[in-house]
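Hi,

Here is the structure I promised to pass on to you.

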Amino acid sequence: LPRSKTTWSHDLMDVRAMTGYVRLTAPGRASMTVVINVDPRAPLPKKVVNFFMRNLAGVLLYLMQRTARKVGRDPDNEHGKRIRRDRPFYLRWLLPKYMDYCVYRGWGLPCVPSLGLHRDDLPPEFMERLEAGGVAPSAVA
């Protein structure tokens, strides 16, 4: 059954869309922007709605940052295990894009312990791509 849009006392808020944008600012660092389209379904002034939405977005970003730090400090936690279980996505799709961006910015490829990589695990074309871009492959042991 579809979930009810109301409770006994009020309508439920409707989240129409949510978009996140992660911008790499340095090796191992990123900034994030979140855009949320919400209908609060309440007769509140726009300033009040914006205040609560900003605070909600701030809490969401804080929780995401805290989780990212946990994965970085302890690659054997549950998130790190899930990343390693989905190796095809991270190795074939995400890592090449990350490497290309590091080459474009002239950064050394930082260590990614959550992937559990060793230099011998990388396909030869990855190493060639790094060397062609003049980037020191410091990503793996």
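Asparagine 77 counts as buried, at 15% relative accessibility; buried means under 20% relative accessible area, exposed over 50%, and partly exposed in between (1.4 Å probe, protein chains only). Before going further, please note that this is a predicted model, where local features need pLDDT of at least 70, side-chain atom pairs count only at pLDDT 80 or more, and totals for chains, interfaces and linings use all residues. Residues are numbered from 1 along each chain as its sequence is written, and side-chain values use heavy atoms, with hydrogens and water left out.

Back to asparagine 77, which sits in the loop between α1 and α2 (78–85). Helices here are DSSP runs of H or I with at least four residues, strands are runs of E with at least two, and both are numbered from the N terminus. The asparagine 77 side chain reaches the backbone oxygen of lysine 70 at 3.4 Å, and one of its polar atoms lies 3.1 Å from the backbone nitrogen of histidine 79.

Now to the charges. The structure holds five salt bridges, each being a side-chain nitrogen of Lys or Arg within 4 Å of a carboxyl oxygen of Asp or Glu. One of them joins aspartate 14 and arginine 41 (3.7 Å, N to O). That pair links distant parts of the chain, 27 residues apart: aspartate 14 is in strand β1 (residues 14–26), and arginine 41 is in the loop between β2 (29–39) and α1. Arginine 41 is partly exposed, at 28% relative accessibility.

Another salt bridge is between aspartate 76 and arginine 84, with 3.4 Å between the closest N and O atoms. Aspartate 76 is exposed at 52%, whereas arginine 84 is partly exposed at 22%.

Glutamate 78 pairs with arginine 82, again as a salt bridge, with the closest N and O atoms 3.4 Å apart. These two are separated by about one helical turn because they are four residues apart in helix α2. Glu78, Arg82 and Arg85 are linked in a network of salt bridges.

Finally, which residues form a positive surface patch? They are Arg29, Arg66, Arg69, Lys70 and Arg73. Patch residues have over 30% relative accessible area and no salt bridge, with like charges joined within 9 Å. Helix α1 (residues 46–73) gives the largest share of the patch, four residues. Arginine 73 lies in that helix and is exposed, with a relative accessible area of 62%.

Best wishes

Terms used: Patches are made of residues with over 30% relative accessible area and no salt bridge: like charges are joined within 9 Å, nonpolar side chains (Val, Leu, Ile, Met, Phe, Trp, Tyr) within 5 Å. Accessible areas come from the Shrake-Rupley method with a 1.4 Å probe; for residues, only the protein chains shown count as cover. Lys and Arg count as positive and Asp and Glu as negative; His and the chain ends are not counted. The place of a charge is taken as NZ of Lys, CZ of Arg, CG of Asp or CD of Glu. A polar contact is a pair of N or O atoms within 3.5 Å; within protein, one must be able to donate a hydrogen and the other to accept it, and residues adjacent in sequence count only if both atoms are side-chain atoms.
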